[in-house]
Amino acid sequence: MAAADEAAPEKVRTLTESRGKIKEDDDVALDVVVDLIVRGFAENTRHLQDIERKVRSGTNTEPRAVVGSSIFTGAKCAHSHHHDHSTADDPIGKEVDELLEPPSLRTMVPAIIRSCTDVYNKVVHRAREDGEDMPDEVRSYVRKECLLNSAKQEIVTTGRKWLQSQNQSRSTEGGTYANPIALKQSPVCEIDGSHPLDRLQPDTIRSLMEKGWAVQDGFIGMREVKKIRKEIELLEFEGHFDTLYGQSLIGLRNDKICYPKYKDLDVEAYEWLRWLIAERLQDLPFELNAKLSGEHMLLQIHTQIQVGIYPAENGFYKRHMDGGYGEKDVGRTFSAVVFMNSEKDYREDGGDGGEVVLYGEGPDDRVLKKISPVGGRLVLYNSRVVPHEILPTSCGSGERRIAVTAFLTGPQTTKKAYRSVRSRPVSVGSVSVAELSARARGINPVLARAWVHVYDTTAESAPWLSEENMIYARELFSKKVVGYPLIGLWNVERKSANNAHRTPAVVICGRSNVGKSTLINELLYGRQFDQVKHRARLSSHNITHAPVSNKAGRTRHIFRFDLGDRLRLVDLPGYGFAEVEGSVRDEWATLIERYLQVAGEESSQLQRAISLVDARRGVKGLDRALWDMLQEKRIPFQVVLTKVDLVHDVYELHDTMEHIIAILQEYDREVLWPYIHAVSSLHKHGINDLLLSLSAVARDFEMLGQARRVSGGG
């Protein structure tokens with residue numbers, strides 16, 4: 001076995017350096033490559049999670065915690081195993097697991113090797129152009145990463161092709177038919193004596209069939225409403241609710257929501273919420289399948305539960321549709337809403353606002369029904385046909401509007417009957433984030449913007465926003481990106497002599513898991529400046545992508561990324577908490593400090609350091625220590641807030657900005673870039689502004705070089 005382990009890297013080296021030629025009947029070569037892929041995935045299960053997530057993208061299904069068989073997890077597939085192989089109701093998971101099996105991998109090896117060879121040769125070619133040596137340890141590392149990333153991409157591609165070939169009438173939820181026969185012998189409810197297949201009144205069924213919507217009062221009693229409401233407030237207290245930041249900023253909605261799962265709710269703490277889900281909402285698809293007719297009524301077992309809390313004043317959700325059609329179909333067929341409001345608030349007269357308004361299908365504004373959110377009331381409507389909105393709340397007692405919604409899933413459809421409905425457009429225009437928030441709550445969080453000037457918070461223009469810099473940025477970020485890891489201090493110290501006065505560098509620093517690698521990937525490989533039609537870049541599985549992980553401390557080397565000879569981005573290891581030994585953290589700290597010293601003092605290459613700060617956490621002691629070191633070494637730096645989409649609201653972002661601005665007043669203006677940027681890699685918020693800021697570094701460096709040459713200064 002040891003001999004096989006030693007032969008494996010040599011076989012990959014031979015294959016990659018011979019343009020990836022491999023015969024399908026070369027069993028030895030196939031087995032060696034498959035074994036390397038399996039072991040690589042087993043050592044770093046992040047690759048498995050990436051495959052799972054990318055294959056499921058757009059299917060409205062949740063990735064599993066454990067992916068692949070026991071060859072990756074190390075668990076024994078016996079009755080005593082501790083991981084879940086139950087993929088009977090999860091065809092996507094079953095297909096992913098099958099693609100990861102050695103027989104399937106063998107069929108993909110030729111394509112994987114070709115892709116791996118292409119990427120590897122590009123990296124080697126660029127290193128040779130730069131006059132840099134790649135020692136054996138670096139070449140081996142690059143080959144391994146190329147192989148794993150190429151394998152991952154090929155598996156994802158194959159999985160997506162399989163999805164496209166499936167029968168589109170199947171629900172995107174991957175669930176199974178809710179057969180009423182399964183509940184026929186179920187016992188009646190101990191609270192009200194109702195049977196699971198007989199809780200909807202005849203008038204409810206009739207209205208749903210004839211109109212596409214229905215209202216049923218007293219679906220649950222007020223005694224249960226009060227208990228469930230208290231448990232929802234406990235759920236909120238424990239931090240399970242989120243605000244949809246992107247939709248909030250454009251004025252679409254301002255509620256906060258939670259998706260509780262029955263199995264995750266504590267039996268004692270959430271007794272009545274569990275009762276509502278298990279004995280009322282999850283039974284609805286069975287009853288509707290028994291009583292409704294029509295081929296699109298094949299409702300499935302899977303039911304998604306959502307809890308929404310609207311503020312007592314001006315809580316709203318503008319006109320929208322829960323379901324979709326064709327490619328936009330998210331699997332939702334019916335929405336069942338149960339209101340959890342007290343008897344004294346949100347009564348039938350509508351005095352407290354928060355009514356549900358159901359609209360007719362089509363481009364007109366015909367109102368079908370205006371429904372007050374009376375406690376215990378059930379509202380059912382067709383998610384794919386009936387658009388609706390939540391009118392602004394105005395509850396004088398200060399009671400918030402709470403509702404629990406069950407989204408009942410069913411087959412996809414492309415029928416013209418489910419045509420798109422005109423939604424009232426929300427035009428943001430030139431309105432700033434702060435102004436949108438001010439309209440909602442009467443507060444003006446002026447610092448909650450994509451960028452703020454440290455010394456003039458009212459500034460709305462900046463030199464890097466010029467038209468000339470925008471043109472330069474479009475050209476700069478259309479260039480190919482090539483990079484590789486710098487392993488060890490020896491590689492760090494050799495760079496300055498070769499690259500001095502040639503390529504300006506910007507280093508990205510930040511605490512572990514602050515989102516450095518994700519941000520770099522978005523900056524380099526995102527879809528900014530897409531008006532450049534022929535943007536040349538390496539494929540999405542290129543080794544030059546910064547490695548991303550949900551676990552802190554996974555960036556173990558310094559990675560550099562070159563945009564031609566115009567700009568170099570450098571990804572430094574995260575500092576602070578990391579799930580690694582203290583000796584390794586010390587080694588990283590030495591590596592970071594030595595790099596800054598070499599790049600900052602021995603050459604003019606390092607132009608700026610970007611300090612990333614998690615917008616949710618704010619500035620910590622280690623961030624201040626970094627700033628102090630940068631100031632001492634006279635290295636210009638700027639501050640960028642990350643993950644702003646996870647901040648509770650713009651008011652919190654405003655406070656964070658204000659606090660950082662106050663701290664930065666203590667630093668020399670000569671070393672501080674006077675703009676704080678706020679970005680979200682997920683929603684692309686502020687990314688264009690940061691790209692323009694980086695473009696200014698390259699442009700200024702280039703103009704300075706031209707001026708020196710003209711003046712004869714070198």
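Buried residues have under 20% relative accessible area, exposed ones over 50%, and partly exposed ones fall in between (1.4 Å probe, protein chains only). Helices (H or I, at least four residues) and strands (E, at least two) are DSSP runs, numbered from the N terminus. This is a predicted model, in which local features need pLDDT of at least 70 and side-chain atom pairs count only at pLDDT 80 or more, while totals for chains, interfaces and linings use all residues. Residues are numbered from 1 along each chain as its sequence is written, and side-chain values use heavy atoms, with hydrogens and water left out.

**Helix α18**

Select residues 621–632, which form helix α18. Asp623, Leu626, Trp627, Met629, Leu630 and Gln631 are buried in this helix. An α-helix has 3.6 residues a turn, so residues three or four places apart point the same way. The end C-alpha atoms of α18 are 17 Å apart, which agrees with the 16 Å that its twelve residues should span at 1.5 Å a residue; the expected span is 1.5 Å times one less than the number of residues. Step just past α18 to Arg634, which takes a positive phi of about 60°.

What does Arg624 form with Glu666? The two form a salt bridge (a side-chain nitrogen of Lys or Arg within 4 Å of a carboxyl oxygen of Asp or Glu), with the closest N and O atoms 2.8 Å apart. Arg624 is partly exposed at 26% relative accessible area, whereas Glu666 is exposed at 52%.

**Other salt bridges**

The structure holds 23 salt bridges. Select Asp283 and Arg199 next: their side chains meet in one of them, at 2.9 Å from N to O. This pair is 84 residues apart, with Asp283 in the loop between α11 (271–281) and α12 (284–291) and Arg199 in the loop between α7 and α8 (202–211). Are the two partners buried or exposed? Asp283 is buried, with a relative accessible area of 12%, and Arg199 is buried too, at 10%.

Now select Glu43 and Lys144, whose side chains form a salt bridge of 3.0 Å, N to O. Here helix α2 (residues 27–43) supplies Glu43 and helix α7 (residues 136–165) supplies Lys144, 101 residues apart. Glu43 is exposed at 61% relative accessible area, while Lys144 is partly exposed at 40%.

**Along helix α7**

Stay on α7 and pick Arg160. Its relative accessibility of 30% makes Arg160 partly exposed.

**A covered helix**

Select residues 516–525, helix α16. How many of its ten residues are buried? Nine are, and the helix is mostly covered. Among the buried residues are Lys516, Asn521 and Glu522, along with Leu519, Ile520 and Tyr525.

**Last stop**

Finish with Glu238, in the loop between α9 (222–237) and β2 (242–243). Glu238 is partly exposed at 44% relative accessibility.
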